[in-house]
Amino acid sequence: MNLIFLNSLEKAGKEGNVRTAQVTIGEQQGIWHIMWTEVQEDGRKTQESWYEGLHWEEMLAVFRERVFAKQCEGFKPLLDIRISELADMDDRTAYTQLLHYYSEQHAEEPLYEALRQWRFKQAASDGKAPFIIATNRLLKMIAAFLPHTEDELRQLPGMGKAKAERYGKDILAITIQQERVTSFPLAWVQEHVNPAEFNTWLLQEKERRRKAEADKLENKRVLLEAISRGEMLDELQEKIRVQRKELLGWIEELDRDGYDLAPYIEQVLEQVPAVERELAWQAFEQQGDRYLKPILQKVYAQDSLSAKEAERIYEWLRLLRLKFRRTERPKQGEAS
């Protein structure tokens, strides 16, 4: 086996004795190995195989997770190595991640579901995507820490002053009914978190984000190919199997990335009555293109629309907005 890495570690034992250990990374015929060898206080040597596989990134993730766990047990490496995921974070980011982790473990599920139902109704009322009202992580923190005042609510990452003033009363009406045993401020959280388990969670979150980004890039590639064939939104959704709002979001991202989607957007908009398109265009010119709800209200009597009808209208309004912005940008450039 080709030895790639070796480090020795020591841990103070009982009555001043020192326990020693070695961690090694090796490679043999394309297979990566991680071995942990430890000498017990009675002199016995034990060995553990932490990893045996083909994937470098996977191997490194296991290495960092397991060595950090050993450090939490008291082992200190003779050669300093940066193992904790927190090492690359500033204090604010680390604190935010700590609260996220704790809330994942301790959120009151019935309360979290009640908050999700509130968010769904509020999003429909405001004509906004639910995540703009509050992310799932923010709702988890609310359900875990149970703020009873607006000041406490604002101590949660993601709940700024404007959002607290806009939605705080409704949120607190839900949380104040819950009895809590913890308190604000939240400096106590770190003492109630196992460092090794927290670091493992950070590694898993990092891998989840990496995989999600890889999946997203692949889905965008498939989406571009389908768009080039002129497939409609129903066909695209069936092919990629994501929610329609997410699908429209990817189309908007592709437009921002510079892909020429104008022919496709025209093809989809041709299915919308010309009168409705013209009214919506005029509304964009009069009211701007930041929010879609005022545009919808200008074109339709919203009270007469079902939720499904409104959802479909928002879809083509998002595409019309892309066309509007592409048309208006050159005009703004000429004016300046």
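Guide: In this predicted model, 56% of the contacts in the protein chain between residues at least 6 apart in sequence join residues at least 24 apart.

Visitor: What makes two residues a contact here?

Guide: Heavy atoms of the two have to lie within 4.5 Å. Ile265 gives an example: leaving aside residues up to four places away in sequence, Ile265 touches Leu319, Leu322 and Arg326.

Visitor: What separates the C-alpha atoms of Ile265 and Phe184?

Guide: A distance of 50 Å separates them, and the two residues are 81 residues apart along the chain.

Visitor: Which residues does Gln97 touch?

Guide: With residues up to four places away in sequence not counted, Gln97 touches Met89, Arg137, Phe198, Trp201, Leu202 and Arg209.

Visitor: How many helices and strands does the protein chain have?

Guide: The secondary structure comes to 14 helices and five strands.

Visitor: How do you know which strands pair?

Guide: Two strands pair if there are at least two bridges between them. Strand S1 (residues 2–12) and S2 are joined by ten bridges, so they pair, and they run antiparallel. Nine bridges join strand S2 (residues 18–28) to strand S3 (residues 31–39), again antiparallel. S3 in turn has eight bridges to strand S4 (residues 45–53), with which S3 runs antiparallel.

Visitor: What makes S1 and S5 a pair?

Guide: Two bridges join S1 to strand S5 (residues 76–77). The rule asks for at least two, so the pair meets the cut-off. These strands run antiparallel, and the bridge partner of Leu9 in S5 is Pro77.

Visitor: Which residues stand opposite each other in the other pairs?

Guide: Asn2 stands opposite Glu27 in S2. Val23 has Trp36 in S3 as its bridge partner, and Trp36 stands opposite Glu48 in S4.

Visitor: What is found in the hairpins?

Guide: The hairpin of S1 and S2 has five residues between the strands, and Glu15 takes a positive phi near 55 degrees there. The hairpin of S3 and S4 has five residues between its strands, with Gly43 in the turn at a positive phi of about 95 degrees. In the hairpin of S2 and S3, two residues lie between the strands.

Visitor: What makes the phi of Gln29 worth a remark?

Guide: Phi of Gln29 is near 55 degrees, a positive value in a residue other than glycine. Most residues other than glycine have a negative phi. Gln29 lies in the loop between S2 and S3.

Visitor: What about Leu146, is it buried or exposed?

Guide: Leu146 has a relative accessibility of 6%, which is under 20%, so Leu146 counts as buried. Phi of Leu146 is near 50 degrees, a positive value in a residue other than glycine. Leu146 is found in the loop between helix H5 (136–145) and helix H6 (150–153).

Visitor: How do you know how the protein chain compares with a compact globule?

Guide: A compact globule of 336 residues would have a radius of gyration near 20 Å, whereas the protein chain has 27 Å. The C-alpha trace spans about 85 × 55 × 40 Å along its principal axes. Buried residues make up 41% of the 336 residues.

How values were computed:
Residues numbered from 1 in each chain as written. Predicted model: local features only at pLDDT ≥ 70, side-chain atom pairs only at ≥ 80, totals over all residues. Heavy atoms only, no water. Helix = DSSP H or I, 4+ residues; strand = E, 2+ residues; numbered from the N terminus. Rg over C-alpha atoms; globule rule 2.2 N^0.38 Å. Buried < 20%, exposed > 50% of the residue type's maximum accessible area, 1.4 Å probe, protein only.
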